[in-house]
Structure formats: C-alpha cells, structure tokens
Amino acid sequence: MKTIIEPFKIKSVEPIRFTTKEERVEILEQAGYNPFMIRAEDVIIDLLTDSGTSAMSAKQWAGIMDGDESYAGARSFFRFESAVRKITGMKYIIPTHQGRAAEKILFSITGGEGKFFPSNTHFDTTRANIEFSKAEAYDLLNEVGKHPEIRADFKGNMDTEALERFIIEKGRENIPLCMITVTNNSGGGQPVSMQNIRETKAVCKKYGIPLFLDACRFAENAYFIKKREKGYADKPVLEIAREMFSYADGCTMSAKKDALVNIGGFLAMNDDNLAMLCRNLLIVTEGFPTYGGLAGRDLEAIAQGLEEIMDENYLQYRIRSVEYLGEKLLAAGVPIIEPPGGHAIYLDAKRFLPNVPQEQFPGQSIVCELYVEGGIRTVEIGSLMFGKYDAQGKLIPPPMELVRLAIPRRVYTQSHIDYVSEIVIDVYKNRECLKGYRLTYEAPMLRHFTARFEKL
Ligand code: F0G
C-alpha cells in the first residue's frame, strides 16, 4: 500500500518559535512544573489537546465571513441546525459556547443530590459538572479497557452487566440519564462498538433511562466501527454516525473536536420538556436559542466542519497519522495504550517509569521531561487529573497513569510527528534519570489546570 497522505494542501502557515533546552528548563521551573502554565509561544509542538486547535478549511473561513450575526433567527443558525440534525436526527438542537456549557445546562437540570450518572468513562469536565450539581458520576468501563497492554477493537465499551447491577443498586428513579463517551477520551481515545451502544440502549430502555452520547469525537468513533465492526465496512460514515445517534435520546457535543472549529458546542435531545427547561437555562447563561453563546460565524464554521469531518479520505488520514506515531513508539519499546486511539497516543506511565511511585506523579514527570527535551507540550491523565484523597489525606490513585499526546486536526505534518517520536524515544531511553514531583499548590476542583509542583 502507498503512503496515506494529508488530504489537503497548506494555504496559510503559522511560524513556530524555537527555544533552547536551557531556556525550557527555566520556563518550566517558572511554571511550577505545570505545562498548562507555560505560554504557547514557548512550545515547539503543542500536543496538550486536540480541542479547539484544528486548522479550519478555506470553506470554513469563508463561512466566518458569511456568518449572519442577527440576534434572533439568523440564517447561520438554521444552517447549523440542519447540519447537526442530518447527523444526529435529534429534534431539539441547542448551541452552546463549548462542550462543558452543554454539560452545565444538562446536569443543572437533571442532576442534584441523590442522583447518579453512569458512563463508560466521564470526561473530567463532565464529571465536574455532575459533581458540582451534588450528584455522583460513575465510570463502568468494560474490563479490557482498563488494561493498556491488551489489544482489542473496542476498548471504550460500557460494561453493560455492571450497568444493570448499578441501576438495580441505585434505583432507576435516581438515575436521570446514562452517558456513553465516544471515543473514550480519558481511557485512551478508544472506540465504542455499535453493538455496545445498542446493548447499552437496551439496558437503559428496560429501566426507562434516557441514553446520552458525549459525541465530541463521533466521526472518529464511526470510522473505527467502519474499519473494525462486522457489517459496517461498506457503509458511509454518515450512515454509521446516524445509527449511533439513533440509539441515543440526546447528546452533548464539543464542536472543538469533530466539528473542526476553534470554539463551539451543542446540546441536542428529543424530549420536549427537557428541551424547554434547557433552553430556558440557556437564555440565562449562554444566550438566545438561535446563537447560544456563539457568533453567527461560529455556527457557519461548525456546519461546514461537520460536513468535512465525515470525508473518508480525511478520516483515513486522521486515524492513520495517530497510528503512525503509535507504531514508531511501539517499535522502540515505549509502552503505550494499545491499540492507538483516534485522537491521541497515551503513554503508559506506570510501565514507562516503574521506579516513580504514583504519589510522586510519574505521568507529570514524563510531561516535564518531554517539554525540556523537545519543547513538546503534553498532558498527564493520572493521579494529578483524577487522584482523590481518603479521610487520612492519602492519595487514592486512579487505575491508570497516562500521558496524552493529543494530535490537533490538520495541523502537524509527518515530519513534526517524526520529531515527536524521536523526543519520546530519547526520554524513554533516559528514563532512569527521571524523578518524581511533589504538589505545592492545588485547587479544590480540576486541580491539574493550575497545580504547582516541586521536583523531588
Ligand atoms: N467531553 C469530552 C469527551 C471531551 O474530551 C471534552 C473536552 C469535553 C467533553 C468538554 O468539551 O472543552 O468544549 O468544554 N476535552 C478537551 C480535551 C478539553 O483536551 O480532551 P469543551
């Protein structure tokens, strides 16, 4: 087979500012060893997130110019609404400024004390919005998804037996809705199979519980279904996506991922009463229902992005380019979550740095070293992001310690990725020299954004 090439030409470029290793040592220390606190200008390759970092197409930029900025009833809203409806089939489509705004509205209405929300794995903002409402969030990931070294096709799947036990234990009346995150971001960008969505829906239906998709990366998930699940190889991605959404009663979406825009999101659902309540809250917190926290031009860019994301040449290149990085790292023996996910490579910090205990944040240690060695910015998804404390103040670590290398959409070329693999492999070869870290400041919620550390 021939090399799978980027299915686009580059029309507009942004220069990268290079720093020296000595400068980066200084910058990182100033940032309290937390790359969230570094200026983006001081980063050479930014793999912090694939969110809002996509390169927009010429047609999306044309849409930005063409946006209708009317307060109510803008043409851009109707284009956006019809693009979202074409994929989701949902009755009510409510624009929000990003994914977490959709979550905030949904869980402010459905959440509250004594309520429980199961998911395959909640993303951190989803969990935070549920917990902020005083409800509880539970992750019921299939066993295979918890083992980074096992190769399986659909490691994002929900454990549907655990879901049924959970519903019986907590009481169906205390579970306002069940969620599935596609792909499972916090668990390695691993996809969820159509069969699993269908089975989850069947359990939910049996107990009268609505099913919502956290749909940020729906197109990447649909492409994995096409490639890996029996019966889907010849179906267009749009049809697969429509089937995924057909089992859902609603969804939250961060358009900053699979709608290829820099800002935006939405909430969609079929229930009349819930939609009325959400829209009323939207007016208080986001804006009028035909713009909801966005400009008309943003709605245009989302509508266009949703069409482009389902181009199968794009999806083939996208999934292959992430896999390409994964293959290079695996060939050098670097432990990663296998198989590579849709939007990112996740280093398995427990196997990468077995000599640094979880209380000393092995993932953060790798994050810091990648920055110093190569100016690459990544993010820890482990004890820093998801660690809790017991009554004695001792760390309760999450099951996995990961470092995410998220690949922005349409931004970096193959040589950027080759450079990334060289740096990761160098850091891995020098892993004996890496040290742990101690937290010196942490916020009460979502502490990873603002935490500060000291080197041990
Ligand atoms: N759900 C998932 C699965 C996500 O990955 C994100 C964001 C959100 C919800 C929230 O969306 O950022 O638009 O408010 N994930 C980004 C990331 C931040 O880096 O993975 P948002």
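1. Helices (H or I, at least four residues) and strands (E, at least two) are DSSP runs, numbered from the N terminus. The model is a predicted one: local features need pLDDT of at least 70, side-chain atom pairs count only at pLDDT 80 or more, and totals for chains, interfaces and linings use all residues. Residues are numbered from 1 along each chain as its sequence is written, and side-chain values use heavy atoms, with hydrogens and water left out.

2. Two domains make up the division of the protein: domain 1 (21–50 + 311–455) and domain 2 (58–308). Their bounds come from an automatic or database domain assignment. Between the C-alpha centres of domain 1 and domain 2 there are 26 Å.

3. On the interface: 32 residues of domain 1 are in contact with 37 residues of domain 2, where contact means heavy atoms within 4.5 Å. The two domains bury about 2,900 Å² between them, 56% of it on carbon and sulfur atoms. Buried area here is the accessible area (1.4 Å probe) that two parts lose on being put together, summed over both.

4. The rule finds 8 salt bridges across the interface of domain 1 and domain 2; a salt bridge is a side-chain nitrogen of Lys or Arg within 4 Å of a carboxyl oxygen of Asp or Glu. A salt bridge also joins the side chains of Arg409 and Glu220 (3.1 Å, N to O).

5. On the side of domain 1 that touches domain 2, helix H12 (312–331), strand E9 (344–348), helix H15 (383–386) and strand E14 (402–406) each supply at least two residues. H12 gives the largest share of that side, 7 residues.

6. Two peptide bonds deserve a look. The bond from Glu338 to Pro339 is cis, with omega near -10°, and Pro339 sits in the loop between H12 and E9. The bond from Val182 to Thr183 is also cis, with omega near -20°; Thr183 belongs to the loop between strand E5 (178–181) and helix H7 (194–206).

7. Phi also needs checking at two residues. Leu260, not a glycine, has a positive phi of about 55° and lies in the loop between strand E7 (250–254) and strand E8 (265–269). Phe361 has a positive phi near 55°, in the loop between helix H13 (349–352) and helix H14 (362–374). Phe361 is buried, at a relative accessible area of 4%. Most residues other than glycine have a negative phi, and most peptide bonds are trans.

Notes. Buried means under 20% relative accessible area, exposed over 50%, partly exposed in between (1.4 Å probe, protein chains only).
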